[in-house]
Structures are given as C-alpha cells and as structure tokens.
Amino acid sequence: MGRASATLLAIALVLAASAARAGDTVNGRAFTEIGAYQDSVAVSVLTPSVGATVESPTAGWAANALYLVDMVSAASPDIVATASKRWSEVRHAGNVGAKYKPGTFGVSVAGNASYTPDYLALGASGRVTQELDEKNLTLTAGYGYGHDTIGRTGTPWSVFSNELDYHSFVGGLSRVVNNALVLSGQGEVIVERGDQSKPYRFVPMFAPSVAPTIAPGASVDQVANARISARPLEQLPLARERYALTLRMALRLAASTIRLDQRGYVDSWEQRASTTDFRWMFDAGRRVIWWPRLRLHAQNGASFWQRAYAATSARDLPALRTGDRELSPLVNATAGGGVRLALGAPGDLDGWVLTATGEGTHTWFLDTIYVKDRWSALVTVGLEVGF
C-alpha cells in the first residue's frame, strides 16, 4: 500500500504540474497524525498515519492517499481465560482515491488495503455526485466491494483461511435550506457473505442446569470452575445484511456551528442500534476553533447471543455461538472535544494547522461474562501543511 500511495501521489504531482502550466489553480496538503487508545480491559493501540491531497478547484480534479500503522497490545479477560499471554500485533493499512468534478456532475473512485499476518482486507469503491437547483441540492450514489481473508498467525493461507466478501450500496442527498442550515441524509446497505468467525475466540460451554446461574460479569475463575470441558471456537452465521440510515443537520450561528448526526441501524442478525452524535464548533478568533462532543450509542444483542451457552458435551454444541461483546446488548457514552489551531502566516493562516482531540468513553455491557463495563480514552494530535 505504501508503494501504491507513492504512485498515486506521483501521478497527482504530474497532474498538478500540468494544471499549473495550463494556468489552473492547484492546492495541496500533507498531514500526519498520531492517535493513542487505552482502555480498562488492558487493550492499548498506537496509530501513526501520514497522507496527502492534491486538487485543482478550477480543473475539477483531486487525488489523495493515506497510510497508517496500528500497533496493538492486548491482555483482556478473554485472552486470560484461554491461558494466553499478552499479545501484540501490527496492522498496516492505507487507501488511495481520486475524483473528477468539472461541473455539477462528478465521479470518484477509491481503493483500500489492510494487512496483518493473519488478516488481509482489500476493497474498492466508486461514487457519482449530481448537483441540482443551483447547487442547493446534491444527490450521491455509490457502490463498494471488499474481500477479506482471515487466517491464523504462523499458518499458511493455503492450510487455513476463511473468506469474506461484501458489497455495499449507498445513496444520499444534501439540501442547502438557507445560508445557515444544511440538511442531509444517507442510506447504506451492506451484503456480507462468508465466515467472519474469529479463529482465536473460544466460547465456554455450561451444563444446561448451570448456564442460567452464570451472572453478568462472572470472573475468569468463576467461569473456569463452572463450565464443562468443551470449549469450541466461535461460529457466526455465513451471511449478513446490514441496513443503516444517517441524518445530519449543520446549523451555522453567528460565531459557531452545530452539527447533529442521528444514525439508525438494523441487520439480519436482528441487531438494532441507535447512535446520536453532537458537536458544537466555536470560532475563537481567526486562528482557533474548538468544540465539545457528545455521543450516545445503544444496541440490543444479536439473535444468537447468549451470556452463557448450554451444551451437554462437545457433540451437543449450539450451531451459532460467540464471545464477541460487540454483539451483545450494550450502551456507551462518549464525551470529549477538540481544538484546531491555524498557525500559518497572516496571509495564509491555514498554511500550517495543528489539531488535537481527546475523548473518554464508558461502555456498559448488559449481558456478558468477564466484563460488565469498560472505560476507554482516545487522544489524537495532527499537523497539516499546505503546499
């Protein structure tokens, strides 16, 4: 992906030079960011990233590239329960994209890749945009395809791997109501086919008379003493359809902007979720914008989710089983904020831009063993420079 990003940027620079010779305006920005995540169940993530964009507003084209590395270290109760040590993993990921919109109609394409020793994800997408009503109404439609290969570290793909394919369809519209108000909506359908079960996730089993007595938040020792000897791997359904609708309002006030997002989600695993995201961005002079952020997410569990699965032996296992807490009923609340500082010269304030965000999240797991709640913190610092 690093080579692909460099290739795209080289093409973009050639386009920029050609546009400059033709008298077109050319803008470019390079950026770097580092993010750090830590939670109360012993998961740490450090994510540095770099990227760039080049565009010609007069000619109507743009190109972009991003490369990031996730360095993950974990020793959660799930890992402890399988007598495993803390593990570390490095993920390399990136995406490239280009768009062309010389008038009211535009088209964009993008590609992405992500790699770890046991997981390879590849994807591509395209989108078209049409502006109507003197650019006060914008319609969008797009399609994306992805193919993931799920394996085990140290095992060749030819010996063990699961395949997952997904198709995504998106459509939306944005309406400029007046000089201060913009409303938009986007619908998305994702069709997944393949086995996305985690090859390291073992699910404890309990005798039918014992399973109802396992309380939420039961400790590793309590589970170990109560379960039967069978401890099969996770098995998820081989098909899933996801549906989401997101509505957004952006309201400009005298010296601030309010943004409110509301997302509804449902899928064929009978999961339903609601996510509300609120930001209020304040202008503190010409160089500083700061904002608070609040987010609330709530969901039910998948149809096959159980806190404690019942089985009499390894020959009598539930066909579907999982220990993934993200498939359980949960609620999480996030509070935080950020700041944007324009550090450029008086005639070019955005020549250098520093951004920083900090957020804390509390998640309540309503029907899981090992963990009843989780605290987490995410901090990011980024720098942009124009060229």
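Colleague: Is Arg248 buried or exposed, or partly exposed?

Modeller: Burial is judged by relative accessible area: buried means under 20%, exposed over 50%, and partly exposed in between (1.4 Å probe, protein chains only). Arg248 has a value of 34% and is partly exposed. This is a predicted model, in which local features need pLDDT of at least 70 and side-chain atom pairs count only at pLDDT 80 or more, while totals for chains, interfaces and linings use all residues. Residues are numbered from 1 along each chain as its sequence is written, and side-chain values use heavy atoms, with hydrogens and water left out.

Colleague: Which residue does the side chain of Arg248 meet in a salt bridge?

Modeller: A salt bridge is a side-chain nitrogen of Lys or Arg within 4 Å of a carboxyl oxygen of Asp or Glu. The partner of Arg248 is Asp261, at 2.9 Å from N to O. Arg248 belongs to strand β11 (residues 239-252) and Asp261 to strand β12 (residues 256-267), so the pair ties together parts that are 13 residues apart in sequence. Strands are DSSP runs (E, at least two residues), numbered from the N terminus. Asp261 is buried, with a relative accessible area of 10%.

Colleague: How many salt bridges does a search of the whole structure find?

Modeller: The search finds 19. Among them is the contact between Arg252 and Asp283, at 2.4 Å from N to O. Arg252 lies in β11 and Asp283 in strand β13 (residues 272-283), so this pair ties together parts that are 31 residues apart in sequence. Arg252 is partly exposed at 34% relative accessibility, and Asp283 is partly exposed at 29%.

Colleague: In which sense do strand β2 and β3 pair?

Modeller: Two strands pair if DSSP finds at least two bridges between them. Strand β2 (residues 43-56) and β3 are antiparallel, over twelve bridges, and Val54 stands opposite Ala63 in β3. Their hairpin has four residues between the strands, and Gly60 there takes a positive phi near 90°. Strand β3 (residues 61-74) also runs antiparallel to strand β4 (residues 87-100), joined by 14 bridges. Ten of the 14 residues of β3 are buried.
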